[in-house]
Amino acid sequence: MTDKTSVIKLGNDTTASIKIKRTKRKHTIGISVKDINLIVVSSPNHISDEVIFNILKEKERWIRNKLEYIKKKQSNNKLFKQGEIHPYLGKDYTLQLVKSDNALVEIFDCNLIVSCINTDNELLVRHLLYNWYYNQARKIISERAFIIFSEFNQYSLSVPEISICSMKNKWGQCSARGIIKINKDLIKYDPKCIDYVIIHEFCHLIELNHSKKFYNLLDRHYPAWKSVRSILKAKGH
Ligand SMILES: [Zn+2]
């Protein structure tokens, strides 16, 4: 059998293309949701299309959740146009594009103002804005870390190396060697999210694993950690 594409209806309001790829798999089929309307099924030759469609129907809820997740992720993709909303420290700002020979990003009232030579150049606006976010993240997260670290003086820790960087699936990380990484995207969210991640990683300097001892430390240094963690989980990690 050769590969083929069909359409499946999921619930009342969703249809998606199904691409069935015949592979050397022996028994099981693999399902992956590739895009907002594309589901790829890898299947052994001997499993009929009908059986595959029945399995997909059984997994409808899982597929719909995946499609929803992709849809949400895509709607987060920005176009960097005048009037678009961009978050910073938990507040929404309106993007204002100003034509100018000098490249500059600044905040004024509820506006995030990007001045540059060509405001129609989406890549240029994106580059300037992301650079600004990164610089703000480095400045603000480092300042918070410096202040919060004084609370940890009592444990006689050596000052950790902290880098603010891109992280795909985590908000923060602490290595066994005590090197801490903090996700730069935290700069978009409420400052309490920044504080929580910093404190979480500082607690790892004392207890590397998520043990009972670790959560006792977290309770002591950030009693409201559960509510902040659920905010961050809703943002994706
Ligand atoms: Zn942790």
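Guide: Begin with the naming: helices and strands are DSSP runs, numbered from the N terminus. This is a predicted model. The protein has 6 helices and 11 strands.

Visitor: Where does K235 lie in that scheme?

Guide: K235 lies in the segment after α6, the helix at 225–234. Along the sequence, K235 and Y189 are 46 residues apart, yet their C-alpha atoms are 9.3 Å apart in space.

Visitor: Which domains are assigned?

Guide: The domain assignment gives domain 1 (4–75), domain 2 (85–136) and domain 3 (139–234). The centres of domain 1 and domain 3 are separated by 39 Å, taken over C-alpha atoms.

Visitor: In which sense do the strands β1 and β2 pair?

Guide: Look at the direction of each strand and then at the bridges. β1 (residues 4–10) and β2 (residues 14–22) pair in the antiparallel sense over 7 bridges, and L10 has T14 in β2 as its bridge partner. β2 also pairs with β4 (residues 38–43), this time in the parallel sense over 6 bridges. I20 stands opposite V41 in β4.

Visitor: How should I read a helix such as α3?

Guide: Start with the general idea: an α-helix has 3.6 residues a turn, so residues three or four places apart point the same way. In this model, α3 (residues 122–149) has 28 residues and reaches 39 Å from its first C-alpha to its last, close to the 40 Å expected at 1.5 Å a residue. The buried residues of α3 are V125, A137, I141 and A145. They pack against β6 (91–99), β8 (111–116), β9 (161–165), β11 (179–183) and α4 (191–206).

Visitor: Which residues have the most contacts inside the largest nonpolar core?

Guide: That core has 24 residues, and those with the most contacts inside it are I141, I182, L186, C193, V197, I198 and I199. At least two residues each come from α3, β9, β11, α4 and α5 (212–221), with α4 giving the most, 8 residues. As for L186, leaving aside neighbours within four places in sequence, it is in contact with A137, I141, W171, C193, I194 and V197. A second, separate core of 7 residues includes A16, I39, V41 and L56.

Visitor: What about backbone angles? Where does F80 sit, and what is its phi?

Guide: F80 has a phi near 60°, a positive value in a residue other than glycine. F80 is in the loop between α2 (60–75) and β5 (85–88). With 21 other C-beta atoms within 10 Å, F80 is buried. L89 is not a glycine either, and has a positive phi of about 50°. L89 is in the loop between β5 and β6, and its 16 C-beta neighbours inside 10 Å make it partly exposed.

Technical notes
Residues numbered from 1 in each chain as written. Predicted model: local features only at pLDDT ≥ 70, side-chain atom pairs only at ≥ 80, totals over all residues. Helix = DSSP H or I, 4+ residues; strand = E, 2+ residues; numbered from the N terminus. Pairing = 2+ DSSP bridges. Expected span 1.5 Å × (residues − 1). Buried ≥ 20, exposed ≤ 12 C-beta atoms within 10 Å, placed from the backbone. Contact = placed C-beta atoms within 7 Å. Domains from an automatic or database assignment. Core = buried A, V, L, I, M, F, W, Y, C linked by C-beta atoms within 7 Å.
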